[in-house]
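This report covers the sheet, the helices packed on it and the charged side-chain pairs.

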Amino acid sequence: MAAEVIWSSEALDDLDAIAQFIARDSPHHAQRVVEALFELGEVIAAHPRAGCVVPELGDVQVRERFLYSYRLIYEVRLERIEVLAVLHGRRLLESIGERFEG
């Protein structure tokens, strides 16, 4: 049985920013990328431990999957999966470090 996936407000803001950036060149492509990222969330729900541990954090509960140029970072919890961030692969995790504190 797949776990429930919760998208944090910050992760949804990340998706919105990604869509707006891509839409400057291609609204159609922007929609496809966002849809593919949501679909990846469904895959993660079914196979949460398939992602790699985020190397910068070293916490086995915080994992990542890649899609195109983007890192989808999520935390595996007992009853759910929480998507914490969606970042361009070149963006430093330090720039959003406060999301991972605590």
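A salt bridge is taken here as a side-chain nitrogen of Lys or Arg within 4 Å of a carboxyl oxygen of Asp or Glu. By that criterion the structure, which is a predicted model, holds four salt bridges.

Five strands form an open sheet in the order 1-5-4-3-2, with mixed pairing. Strand 1 (4-7) and strand 2 are the edge strands, each pairing on one side only. Strand 2 (residues 52-53) runs antiparallel to strand 3 (residues 62-67) and is joined to it by two bridges. Cys 52 has Glu 64 of strand 3 as its bridge partner.

Strand 3 also pairs with strand 4 (residues 70-76), again in the antiparallel sense, over six bridges. Here Val 62 is partnered by Glu 75 in strand 4. Two residues separate the strands of this hairpin, and within the hairpin Tyr 68 takes a positive phi near 55°. On to strand 5 (residues 80-88), the pairing of strand 4 is antiparallel over seven bridges. The bridge partner of Glu 75 in strand 5 is Glu 82.

**The helices**

Helix 2 (residues 27-46) packs on the sheet and touches strand 1, strand 3, strand 4 and strand 5. Its direction makes about 140° with that of strand 3. Helix 1 (residues 9-23) lies across strand 1, strand 4 and strand 5, at about 35° to strand 5.

Helix 1 has 15 residues, and the distance from its first C-alpha to its last is 21 Å, close to the 21 Å expected at 1.5 Å a residue. Which residues of helix 1 are buried? They are Ala 11, Asp 14, Leu 15, Ile 18, Ala 19 and Ile 22. Viewed down the helix axis, these buried residues fall within an arc of 135°, so they line one face of helix 1. An α-helix has 3.6 residues a turn, so residues three or four places apart point the same way. The buried residues of helix 1 pack against strand 1, helix 2, strand 4 and strand 5. Asp 13 and Phe 21, on the other side of helix 1, are exposed.

**The salt bridges**

Side chains of opposite charge can pair when their charged atoms come close.

| Arg 71 | Glu 56 | 3.0 Å |

Arg 71 counts as buried because its relative accessibility is 5%, under the 20% cut-off. Glu 56, at 46%, counts as partly exposed. Glu 64 joins Glu 56 and Arg 71 in a network of salt bridges.

Glu 75 and Glu 82 are themselves bridge partners. Is Glu 82 buried or exposed? At 15% relative accessibility, Glu 82 counts as buried, whereas Arg 77, at 32%, counts as partly exposed.

Technical notes
Residues numbered from 1 in each chain as written. Predicted model: local features only at pLDDT ≥ 70, side-chain atom pairs only at ≥ 80, totals over all residues. Heavy atoms only, no water. Pairing = 2+ DSSP bridges. Helix = DSSP H or I, 4+ residues; strand = E, 2+ residues; numbered from the N terminus. Contact = heavy atoms within 4.5 Å. Axes fitted to C-alpha atoms, helices over the stretch in contact; angles between N-to-C directions. Expected span 1.5 Å × (residues − 1). Buried < 20%, exposed > 50% of the residue type's maximum accessible area, 1.4 Å probe, protein only. Arc of directions from axis to C-beta.
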